[in-house]
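Subject: Structure for you to look at

Hi there,

Here is the structure I promised to pass on. Please open it first, and then read my notes beside it.

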Amino acid sequence: GDDQSTDVGSEVSSNPTLEESRQSIFIPTPTRIFKPSDCQDLSNPIRIPRLESKSTHVQEIKAPARRQPNQNKIFEEVQRQRILKLMSENTLILNSIISSSDASTKKITNAIAELKSFKTECNESNMSQLEKIEHLKEQKKCSKEFDPNPTSVGLFNHLFGVGQVFKYGLVLDCSIPEPIFRERNLVLKLKLVNLVTGEKIQNTNKVVLHLSMHTWEVPSSPILRNKSGNKAIMGDTEIEMTNGEANFDRLQINEVTSKFIHGYVAMTIVPSKPCNYGTSLVDHQGGNGYVHYEDIKPLMLEKVVVKSKKKNNQKKAME
């Protein structure tokens, strides 16, 4: 028995392959006893590769490298180019939106104009023949009312109305120069008379008289200011008539009539009620000498001519 054990040991020790395998293979120490039953086939032992010892060296984590100044400039330039590109794209989009909105507004305005024209055509078509005739009559009437050179009666009726009946009237009690010179003193004396008998009437109540100028045409326009913007008539153009008399003193005409149609104008004197009308007993009771302002016929001076001031040569020639 000893011989066999020694032989086996010598065989094991003399076997170079087994020694090499022991040296090359690292077999960890088992925690329990290894039994032959744990392996199904011991003829083919499992070769376990040698486990290398773990390295205790820890790899250092390197910080990212900083950008160089040139790289920063390149990065900023790229970002700027991107921003400019976005801005250009946005402007293109805005321009397209504006152009489309302008086109839509034009279409809407054209549609509204067409709708209005269509409505007018419908209204004209719905108008009956009688209405058209009446419309033409009114147009002719309006055209007839315009008169560039009316008569004295026509202009008076245009200014003060037709069909009125007056008991009293205003007449001039002085002569006026012909022509009247601009910016020269002018005096107008008036008296109240009975239109039937021509007798002078003395009124006991107050009656206000207004002086004004009008163009000699129909329709007529009042002449309030001259071309420079000043008053056409300087002085008191509103006075009170007492005892059947009234005087316009120191009047001055500041506009020549050559600037108006025909070269002459109409000057009117119109009676009216005073501002305190109805506050006195005379206004309510009437009585002898009471004259109502509506019963007085206005006075119209016809075709009044106003020229510029006389020159010295004209004065010498007249002397």
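This is a predicted model: local features need pLDDT of at least 70, side-chain atom pairs count only at pLDDT 80 or more; totals for chains, interfaces and linings use all residues.

Below is what was found, topic by topic.

Residues are numbered from 1 along each chain as its sequence is written, and side-chain values use heavy atoms, with hydrogens and water left out.

**The cores**

A nonpolar core here is a set of buried Ala, Val, Leu, Ile, Met, Phe, Trp, Tyr and Cys residues joined through side-chain atoms within 4.5 Å. Buried means under 20% relative accessible area, exposed means over 50%, and partly exposed is in between, with a 1.4 Å probe and protein chains only. The largest such core has 31 residues, and Leu209 and Phe248 have the most contacts inside it. Two or more residues come from each of β1 (168–172), β3 (186–194), β4 (207–215), β6 (238–241), β7 (245–253), β8 (265–272) and β10 (299–304). Helices (H or I, at least four residues) and strands (E, at least two) are DSSP runs, numbered from the N terminus.

What does Phe248 touch, leaving aside its neighbours within four places in sequence? Its contacts (heavy atoms within 4.5 Å) include Leu186, Val187, Leu188, Leu209, Leu211, Ile239 and Ile269. Asp236, Thr237 and Glu238 are also among them.

**The salt bridges**

How many salt bridges does a search of the whole structure find? There are three, each a side-chain nitrogen of Lys or Arg within 4 Å of a carboxyl oxygen of Asp or Glu.

- Arg80 and Glu77 meet at 2.7 Å, N to O. Both lie in helix α3 (residues 69–126), three residues apart, about one turn of the helix.
- Glu245 pairs with Lys200, with the closest N and O atoms 2.4 Å apart. Glu245 lies in strand β7 and Lys200 in the loop between β3 and β4, so this pair ties together parts that are 45 residues apart in sequence.
- Glu255 pairs with Lys259, where the closest N and O atoms are 3.4 Å apart. Glu255 is buried, at 3% relative accessible area, whereas Lys259 counts as partly exposed at 46%.

**Backbone details**

Two cis peptide bonds deserve a look. One joins Glu178 and Pro179, with omega about 0°, and Pro179 lies in the loop between β1 and β2 (180–181). The other runs from Val218 to Pro219, with omega near 0°, and Pro219 is in the loop between β4 and β5 (233–234).

Asn243, in the loop between β6 and β7, has a positive phi of about 55° although it is not a glycine. His262, in the loop between β7 and β8, has a positive phi near 70°.

Best wishes
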